[in-house]
Amino acid sequence: MPKRKNLEDDEDSESGSDISTVMVDFDFCDFKPQIDYVAVKRLLQQLLHTDASFFDLGSIADLIISQADVGTTIKTDGADGDPLAFLAVVNVQENEKSPPFASLLTYLLSKISADVPFHRKLTDILTDSDSCLGLVIGERVYNMPPQVMPPLYKMLKDEIEWAVEDGKPYRFSHLLILSRVWRSTAEEEGSTGMKPPPNKRQKGDKGRPKTAASVYSFHPEDDCIQKEAMYSLEFDFSHQEPRTNDTFGEDIAGRVMLIPGDKLGAIVQDMSSKFPSPS
């Protein structure tokens, strides 16, 4: 059964005097492994971009959707439809000896090693018996509006708290959140007429070399997470082809953010303020 329904996506597009509105009801549902497996695997492939082939995505998808206590999908055709988005958290220490999950953890640690303080902090968390790390994994189809994310993250927060009350291993001291960014050089922005959001272009940018890349959150709610992040790192995908002047398409990179576990509530409040549900 859906956890929550009737979050409407109002999408106005104006061309001259013509205005059209698209009304969509989103269903927030528990995982249904027999139905959700293919879509979750596909969304993992999207999240990990060109490095997806490094991993046994089928086994990682199985791990995610097998969690009965924590995790939510978003659908538009009821609980038996295909997920268009999902959000879940995996206990790292509980699953680090599982080969498919261990390969993902090793990969992330190798990327984070570029930031020595970040890597040291993460290593300390993993080796401290009093700490517990949760890996937050989620993705959505490209045209899914950010307004779906505040309730999705609130459900994650609530389910973590309920699982802890039930004695389940979800008392996380820290959360590691995996996401993506896209980058654009000044030349690319000039050639396309694209301009960064006002909060992305600072006064000091005038002295920056023209070839320097501006970094933008692939998902706008990441900006709320970064406010509470102890560490945040963008990294190149290993299978990404080097970009040249003739390269076509977006320059996609990965991002990992580490937050204290008790900051999830503040993040949910910030997201709810910035991306309210349509009234």
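Start by selecting strand β6 (residues 85-91) together with β7: the two run antiparallel and are joined by seven bridges. Strands pair if DSSP finds at least two bridges between them, and strands (E, at least two residues) and helices (H or I, at least four) are DSSP runs, numbered from the N terminus. What you are viewing is a predicted model, where local features need pLDDT of at least 70 and side-chain atom pairs count only at pLDDT 80 or more, while totals for chains, interfaces and linings use all residues. Residues are numbered from 1 along each chain as its sequence is written, and side-chain values use heavy atoms, with hydrogens and water left out.

Next, pick Ala85, and opposite this residue in β7 you will find Arg140.

Glu221 counts as buried because its relative accessible area is 2%. Leaving aside neighbours within four places in sequence, Glu221 is in contact (heavy atoms within 4.5 Å) with Arg140, Pro146, Met149, Met271 and Phe275.

Last stop: the cysteines. Select Cys29, which is buried at 1% relative accessibility, then Cys224, also buried at 1%. With a disulfide taken as a pair of cysteine sulfur atoms within 2.5 Å, the count comes to zero.

Notes: Buried means under 20% relative accessible area, exposed over 50%, partly exposed in between (1.4 Å probe, protein chains only).
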